[in-house]
Amino acid sequence: MNIDQGEDGNGVLSRSERPDAGLGHASSAGITLMGDPGSRGYFGEFGGQFVPEALVPACQQLETAFRSAWPDSSFRKSLDGILHAYAGRPTPVTECRRLSENLGIRLLLKREDLTHTGSHKINNVLGQALLAKRMGKPRLIAETGAGQHGVAAATAAALFGLECEVYMGEMDVHRQELNVFRMKLLGAKVRSVSNGSRTLKDAVNEALRDWVANVESTYYCIGSVVGPHPYPWIVRELQAVVGNEARSQCREILGGADPDVVVACVGGGSNAAGTFAGFVDSSSELIGVEASGGAAISRGVPGVVHGMKSMFLQDDDGQVQEAQSISAGLDYPGTGPEHAHLSSLGRARYTAANDVQVLDAFSLLSRTEGIIPALEPAHALAFVIEAARAGEIPGGASVLITLSGRGDKDVAQVMDLTAGG
Ligand SMILES: *Cc1c(COP(=O)(O)O)cnc(C)c1O
């Protein structure tokens with residue numbers, strides 16, 4: 001396991017050494033961590049808004065709408081009401097007694113698997129669909145790779161009575177027929193994209209083209225903390241409910257203390273960003289776990305792709321490489337700009353777990369706690385298992401993992417991979 005990627009090289013629990021990571025919510029340079037990225041949308045040197053001229057007004061209109069909605073107590077009240085009565089929030093924090101004993105640590109799980117539709121993605125799409133409503137846009141578009149964000153977007157569109165079209169590469173349409181059927185059941189149109197490599201990046205381009213052409217009527221719903229400003233900021237704010245709830249729930253369980261370590265898996269980075277937002281001003285160590293075949297921060301290089309400057313897996317010619325992972329949700333070749341920033345400051349560190357470790361973690365949590373995790377958060381668990389067994393996480397340390405989703409969607413795949421074993 002790749003656990004030596006921290007900026008300061010001090011190992012997993014280097015809390016005392018981290019410069020100014022603690023209370024005060026600001027770095028020594030006076031930058032507020034996980035705050036408002038300003039009108040240009042920068043997190044340190046990462047982020048920005050790299051879009052064609054024709055999309056600048058659309059991005060500005062969205063930013064203006066969000067800046068008005070987010071502090072508006074009536075907007076927040078509507079959203080909180082929906083998150084409660086429809087999505088099932090607040091989700092609990094569960095203390096894992098048997099697995100804790102097995103690992104010699106105190107393991108807590110933030111249970112996003114218990115939300116409606118079974119993952120944290122619902123927090124983002126409900127917020128953005130409510131914003132679309134407020135902006136008077138009757139039509140929602142989205143792009144999707146494996147289909148999970150497409151299903152989430154179609155769910156929110158159905159709830160709010162919005163027309164919904166989801167762009168999906170032709171290859172993915174064939175690979176993910178069940179999710180295509182789900183989207184159709186939910187009333188969405190699925191647009192199969194046959195350009196280029198017929199995968200996610202072509203779907204993104206088509207969705208952007210649609211947005212330019214139909215910006216009057218259309219809201220573009222992005223699925224993670226990626227893309228041009230203001231998306232990484234909006235999605236992080238909408239997912240911060242995960243970290244904010246978890247912070248106070250952990251305090252209750254831990255007698256007023258914060259967890260020593262807070263861990264989340266990182267694809268685009270939204271569940272991790274939402275989790276970290278709740279703890280960035282604490283002294284908890286923050287760790288993001290990527291898929292080893294999609295480790296954009298731990299093994300990528302800076303670049304400008306999909307409207308943002310961030311970290312990407314690229315080949316020697318600067319071409320973005322396709323990420324490889326058993327978990328569809330972690331196969332995005334880049335990671336959101338704010339993670340690149342947190343990594344460069346050393347406030348969060350990023351590591352990777354491989355497929356074998358992930359399958360072990362998947363089965364260990366199932367057997368010891370009766371919780372079948374999605375393969376994505378099984379990466380976070382795989383890191384914790386390895387680090388606890390290696391003594392990198394000291395005995396008795398309290399560790400919070402965001403369990404971003406449930407494993408029902410992955411059971412057939414795991415059965416094939418392990419030959420039913
Ligand atoms: C989509 C997904 C992810 C990856 O997305 P992030 O934006 O990195 O959170 C992680 N876990 C689950 C369960 C997902 O569905």
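## Exercises: ligand shell and sheet

A polar side-chain atom of Gln-148 lies 2.7 Å from an oxygen atom of the ligand. This is a predicted model, where local features need pLDDT of at least 70, side-chain atom pairs count only at pLDDT 80 or more, and totals for chains, interfaces and linings use all residues. Residues are numbered from 1 along each chain as its sequence is written, and side-chain values use heavy atoms, leaving out hydrogens and water.

**Exercise 1.** Find how many residues surround the ligand, and sort them by class.

*Solution.* 
- Step 1: Assign classes (nonpolar: Ala, Val, Leu, Ile, Met, Phe, Trp, Tyr, Cys, Pro; charged: Asp, Glu, Lys, Arg; polar: the others, Gly among them). The shell has two nonpolar, 12 polar and two charged residues.

**Exercise 2.** Find the distance from a polar side-chain atom of Lys-121 to a ligand oxygen, then the ligand area that the protein covers.

*Solution.* 
- Step 1: Look for polar contacts (N or O pairs within 3.5 Å). Lys-121 gives 2.6 Å to a ligand oxygen. For Ser-270, a side-chain N or O atom is 2.7 Å from a ligand oxygen.
- Step 2: Compute accessible area (Shrake-Rupley, 1.4 Å probe).

**Exercise 3.** Give the strand order of the six-stranded open sheet and find its edges.

*Solution.* 
- Step 1: Pair strands (DSSP E runs of at least two residues; at least two bridges per pair). The order is β3-β4-β15-β9-β10-β14, with mixed pairing.
- Step 2: β3 (93-95) and β14 (348-353) each have a single partner strand, so one side of each lacks a neighbour in the sheet.

Methods
Polar contact = N/O pair within 3.5 Å; in protein donor to acceptor, adjacent residues only side chain to side chain. Helix = DSSP H or I, 4+ residues; strand = E, 2+ residues; numbered from the N terminus.
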